[in-house]
Amino acid sequence: MYKKKSLFVVFEGIEGSGKSYQSKKLYNSLIKRKLPTLLTREPGGTPSAEKIRKVILDDYFYPKSKEKFDKNTDTLLYLASRNEHVLNKIKPAIKKKNIVICDRFIDSTIAYQIFGKGVNKNLVNSVHKFILSNLKPDLTFVLKVSIKKALKRLKKRKKKNRYDKFSKNFYVKAQNAFLKIAKKNPRKYYIIDNSDNNKDVEKKIFKIVYSMIKK
Ligand code: TMP
């Protein structure tokens, strides 16, 4: 038996950490048990937020443009996309007592924009205050990966995005930021090593989520 209650689960980690794969696995396991579950992602998740995602990610690949978005513009676009997503998808689903699985959320902004790019944290925090009010993930899985393995997984990808081309050093910085955030709040964060393509990872994740929803 399951509790009829909402649960907001987030997966975080650098590219190649396997978070999209693990979020899908968790989604499939919950749906198989007929639990009302939604799988979504950031940036994106709604038609308008996906439009903003395209603007952000295309900026990097604009072949002839010399003018790239300033880091604050870029950050505000991530936040604008989050606002659309939170308002139109996450909050309504939580209100309906659904389980929401989100591939990336606020910690990605902290890791990539604040720690990675040096964006002012007051800018991010003050916008978050407006757009999130009291919305917080119940549970966040930070998937840790050896940088070597992450880069190997990225090489295999057909579709690249902007950070797929970033330096090793950027990934180290971003991953350390995720780990630092997670260690500050061990009650709500689980750090899981996902370097080895091990089936046990999906079982472990399901077990943790299951323990929170079973009656
Ligand atoms: P994805 O490929 O994992 O879907 O993410 C798209 C890119 O957006 C990825 O390189 C990480 C980046 N990103 C940020 O830089 N800040 C954010 O707040 C979010 C949600 C994603």
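**Close-up views of a predicted model**

**View 1. Lys199 forms a salt bridge with Glu202, the closest N and O atoms being 4.0 Å apart.** A salt bridge is defined here as a side-chain nitrogen of Lys or Arg within 4 Å of a carboxyl oxygen of Asp or Glu. The structure is a predicted model, in which local features need pLDDT of at least 70 and side-chain atom pairs count only at pLDDT 80 or more, whereas totals for chains, interfaces and linings use all residues. Residues are numbered from 1 along each chain as its sequence is written, and side-chain values use heavy atoms, with hydrogens and water left out. Lys199 and Glu202 are separated by about one helical turn because they stand 3 residues apart in helix H8 (residues 199–213). Helices (H or I, at least four residues) and strands (E, at least two) are DSSP runs, numbered from the N terminus.

View 2. Lys54 counts as exposed, with a relative accessibility of 52%, and Asp58 as partly exposed, with 33%. The classes rest on relative accessible area: buried is under 20%, exposed over 50%, and partly exposed in between (1.4 Å probe, protein chains only).

**View 3. A salt bridge joins the side chains of Arg104 and Glu15.** The N to O distance is 3.7 Å. The pair links distant parts of the chain, 89 residues apart: Arg104 belongs to the loop between strand E3 (99–103) and helix H4 (106–116), and Glu15 to the loop between strand E1 (7–12) and helix H1 (19–32). Both Arg104 and Glu15 are buried. In the whole structure, 6 salt bridges are found.

**View 4. Tyr112, Phe170, Tyr171 and Phe178 form one aromatic cluster.** Across the whole structure, the search finds 7 aromatic pairs. Among them, Tyr112 and Phe178 are arranged edge-to-face, with 6.1 Å centre to centre and 75° between the planes. Since Tyr112 lies in helix H4 and Phe178 in helix H7 (residues 168–184), the pair ties together parts that are 66 residues apart in sequence. Tyr112 and Phe178 are both buried. Rings of Phe, Tyr and Trp (its six-membered ring) pair if their centres lie within 6.5 Å; planes under 30 degrees apart count as stacked, over 60 as edge-to-face and the rest as tilted.

**View 5. The charge of Arg82 lies over the face of Phe105.** The distance to the ring centre is 5.3 Å. The criterion requires NZ of Lys or CZ of Arg within 6 Å of the ring centre and within 35 degrees of the ring normal.

**View 6. Five-stranded open sheet with the order E2-E3-E1-E4-E5 and parallel pairing.** Strand E2 (37–41) and strand E5 (189–193) form the edges, each pairing on one side only. Neighbouring strands are turned by 20° against each other on average, direction ignored. H1 packs on the sheet, where H1 touches E1, E2, E3 and E4, and the direction of H1 makes about 165° with that of E3. Helix H3 (residues 71–95) lies across E1, E2 and E3 and runs at about 160° to E2. Axes are lines fitted to C-alpha atoms, for helices over the stretch in contact, and angles run from 0 to 180 degrees between N-to-C directions. Contact means heavy atoms within 4.5 Å.

**View 7. Strand E1 is largely enclosed by the rest of the structure, because 6 of the 6 residues of E1 are buried.** Leu7, Val9 and Phe11 point one way, whereas Phe8, Val10 and Glu12 point the other way. In a regular strand the side chains alternate between the two faces of the sheet. E1 pairs with E3 in the parallel sense over 5 bridges; the partner of Val9 in E3 is Ile101, and Val10 stands opposite Cys102. E1 is also joined to strand E4 (residues 139–144), which runs parallel, by 4 bridges, with Phe141 as the bridge partner of Phe11. Two strands pair if DSSP finds at least two bridges between them.

View 8. Thr37 counts as buried, with a relative accessibility of 12%. Leaving aside neighbours within four places in sequence, Thr37 is in contact with Tyr27, Leu30, Ile31, Ile99 and Ile101.
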